[in-house]
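Work through the exercises below with the model open. Try each task before reading its solution.

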Amino acid sequence: MKRSMMQVYVKGSGEAVRMYLKAFNATLGFNIKNADDTFYHSELDICGHTLAVDEANDDNDKIIIGNTMHLWLHYDEENKNMVKQAYEVLKKESEILFPLGPCEFSPLCTDFIDKFGVRWCLFV
């Protein structure tokens, strides 16, 4: 296998890509932009892992917001600040399912559905 990639389809992919770049200190790799500032396809490098963000369109009528995928990002304990930064950037207009704090398996964890309908679990 050459690589694995997580991919999400969202409405407002231009804004989502900008937000995810900031939240995860990511870099934008290969991408194809649509004329309306959305992405036909984009690849974000998050700590060496690829998250593809593409624009959801009317043909994607089978998308169910918040429960078709749950993206888990597990950070090293010394990178607690990365979890906190991502949470602070993404929490606005999100549905917080588990607020940032300790849980049974981690001293720092959060679970939420962001404003684009993507469900995240971030933890150390």
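This is a predicted model: local features need pLDDT of at least 70, side-chain atom pairs count only at pLDDT 80 or more; totals for chains, interfaces and linings use all residues.

Residues are numbered from 1 along each chain as its sequence is written, and side-chain values use heavy atoms, with hydrogens and water left out.

**Exercise 1. Describe how helices α1 and α2 pack.**

Step 1. Locate the helices, which are DSSP runs of H or I with at least four residues, numbered from the N terminus. Helix α1 spans residues 13-23 and helix α2 spans residues 80-90.

Step 2. Take the geometry. The axes of α1 and α2 lie 8 Å apart, at an angle of about 150°. Axes are lines fitted to C-alpha atoms over the stretch in contact, and angles run from 0 to 180 degrees between N-to-C directions.

Step 3. Classify the angle. Angles over 145 degrees count as roughly antiparallel, and α1 and α2 are therefore roughly antiparallel to each other.

Step 4. List the contact (heavy atoms within 4.5 Å). From α1 come M19, Y20, K22 and A23; from α2 come M82, Q85, A86, V89 and L90.

Step 5. Sort the residues of this α1–α2 contact: 7 are nonpolar, 1 is polar and 1 is charged.

**Exercise 2. Count the disulfides.**

Step 1. Apply the rule: a disulfide is a pair of cysteine sulfur atoms within 2.5 Å.

Step 2. Check C103. Its closest cysteine sulfur is in C109, at 3.9 Å, too far for a bond.

Step 3. Check C121. Here the closest cysteine sulfur is again in C109, at 4.0 Å, too far for a bond.

Step 4. State the result. The count is 0 disulfides.

**Exercise 3. Is M19 buried or exposed?**

Step 1. Set the cut-offs: buried is under 20% relative accessible area, exposed is over 50%, and partly exposed is in between, with a 1.4 Å probe and protein chains only.

Step 2. Read the value. M19 has a relative accessible area of 16%, so M19 is buried.

Step 3. Find its partners. Neighbours within four places in sequence aside, M19 contacts V89, L90, K115 and F116.

**Exercise 4. Place Q7 in the fold and list its contacts.**

Step 1. Q7 sits in strand β1, residues 5-10. Strands are DSSP runs of E with at least two residues.

Step 2. Q7 has 25% relative accessibility, so Q7 counts as partly exposed.

Step 3. With neighbours within four places in sequence set aside, Q7 contacts H41, A52, D54 and M69.

Step 4. Take H41 from that list. Q7 and H41 are 34 residues apart along the chain, and their C-alpha atoms are separated by 9.5 Å.

Conventions:
Angles under 35 degrees count as roughly parallel, over 145 as roughly antiparallel, 65 to 115 as roughly perpendicular and the rest as oblique. Ala, Val, Leu, Ile, Met, Phe, Trp, Tyr, Cys and Pro count as nonpolar, Asp, Glu, Lys and Arg as charged, and the others, Gly among them, as polar.
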